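Here are a few notes to read alongside the model. Have the sequence and the 3D view open as you go through them.

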Amino acid sequence: MINRDQSLTTPYLQFNRKQWAALRDTVPLTLTQAEIIKLKGINEDLSLDEVAEIYLPLSRLINFYISSNLRRQAVLEQFLGTNGQHIPYVIGIAGSVAVGKSTTARVLQALLSRWPEHRSVELVTTDGFLYPNRVLKERELMKKKGFPQSYDMRSLVNFVSEVKSGASEVTAPVYSHLIYDIVPENNKVISQPDILILEGLNVLQSGLDYQHASHHVFVSDFVDFSIYVDAPEDLLKSWYINRFLRFRQGAFSNPDSYFHNYAQLTEEEAVQIATQLWVEINGLNLKENILPTRERASLILTKSENHAVESIRLRK
């Protein structure tokens with residue numbers, strides 16, 4: 001099953017799709033085709049086979065890790081002579097813009113919540129901790145949205161720290177891709193979940209990426225299991241452009257959309273602008289700040305065309 005010839009110097013075990021799918025064991029698929037359609041992103045193909053062969057084995061692995069973590073907590077409580085404290089298990093999901101992080105997060109949320117233990121699973125995106133546009137404009141960072149300096153990292157770390165400490169109720173700001181900004185007075189309330197899935201560009205970043213910050217604690221310090229969703233840059237660029245074209249026909253046509261003016265572009269003009277945005281912002285952020293965090297992940301999902309995962313690397 002596992003390639004025993006892999007170099008002893010690598011911290012990862014590598015699986016092809018067939019090898020990984022076999023690790024599903026007898027776990028049943030509890031999602032229907034209709035539910036899967038609702039979970040996928042605007043520019044992604046997500047099939048029953050993808051869920052069964054990639055995400056079911058992954059949910060089984062995470063369930064094992066969570067059970068092990070609970071046993072470790074019980075040992076500590078026995079040693080300290082304390083009663084059980086509710087400490088959520090935190091899963092971080094990172095990767096480039098347009099790689100499909102959100103779909104991965106939603107599928108895992110759905111699968112993990114349906115295990116026999118019926119654990120409560122909350123999903124929060126780090127987009128909510130971007131500085132509001134007014135702040136980014138004041139600091140001349142609108143073209144750096146998604147870069148480390150565009151996040152209120154102190155608030156994000158405080159949020160994850162409070163959730164991880166077992167606080168009864170924690171709030172997270174909400175980001176709207178329609179208005180391209182934080183939604184005022186529309187916080188999401190998190191009430192002691194069993195599992196918190198934290199999805200965003202920056203969940204694996206550390207002090208190396210935030211050298212401008214005055215604090216020394218980062219989101220990655222609170223993550224129990226991390227996933228990096230990967231793909232070759234040429235595919236990422238293509239997916240980003242295709243997604244932009246779909247938004248042009250859909251969300252951009254909404255008068256409330258921040259990008260409403262793009263709805264009137266010809267396809268050629270839209271491709272040109274999307275390419276420019278990729279080169280100047282998203283591709284640059286990938287190279288400088290996101291891709292360097294890949295090897296910090298517990299597990300790396302590498303995609304090929306049609307968003308299908310073709311290989312998996314699992315940290316030993």
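1. First, a definition: the expected span of a helix is 1.5 Å times one less than its number of residues. Helices (H or I, at least four residues) and strands (E, at least two) are DSSP runs, numbered from the N terminus. Helix α7 (residues 233–249) has 17 residues, and from first C-alpha to last it reaches 25 Å, close to the expected 24 Å.

2. Some ground rules. This is a predicted model, where local features need pLDDT of at least 70 and side-chain atom pairs count only at pLDDT 80 or more, while totals for chains, interfaces and linings use all residues. Residues are numbered from 1 along each chain as its sequence is written, and side-chain values use heavy atoms, with hydrogens and water left out.

3. Back to α7: which of its residues are buried? They are Leu235, Leu236, Trp239, Tyr240, Ile241, Phe244, Leu245 and Arg248. Buried here means under 20% relative accessible area, exposed means over 50%, and partly exposed is in between (1.4 Å probe, protein chains only). The buried residues of α7 pack against α8 (267–290) and β10 (299–303), with contact meaning heavy atoms within 4.5 Å.

4. Have a look at Ser176, which sits in strand β5 (residues 175–176). Ser176 is buried, at 16% relative accessible area. A polar atom of its side chain lies 3.1 Å from the backbone nitrogen of Leu178 and 3.2 Å from the backbone nitrogen of Ile179. If you skip neighbours within four places in sequence, Ser176 is in contact with Asp181 and Val183.

5. Most residues other than glycine have a negative phi. Asp25 isn't a glycine, yet its phi is positive, about 60 degrees; Asp25 lies in the loop between α1 (17–22) and α2 (33–39). Ala98 isn't a glycine either, and has a positive phi of about 75 degrees; Ala98 is in the loop between β2 (89–95) and α4 (101–112). Are they buried or exposed? Asp25 counts as exposed, at 52% relative accessibility, whereas Ala98 counts as buried, at 12%.

6. Finally, the surface. Leu76, Phe79 and Leu80 form a nonpolar patch there, and together they have about 370 Å² of accessible area (Shrake-Rupley method, 1.4 Å probe, only the protein chains shown counting as cover). Patch residues have over 30% relative accessible area and no salt bridge, and nonpolar side chains are joined within 5 Å. Leu80 belongs to helix α3 (residues 48–80).

Methods: Patch = residues over 30% accessible without salt bridge, like charges linked within 9 Å, V, L, I, M, F, W, Y side chains within 5 Å. Salt bridge = Lys/Arg side-chain N within 4 Å of Asp/Glu carboxyl O. Polar contact = N/O pair within 3.5 Å; in protein donor to acceptor, adjacent residues only side chain to side chain.
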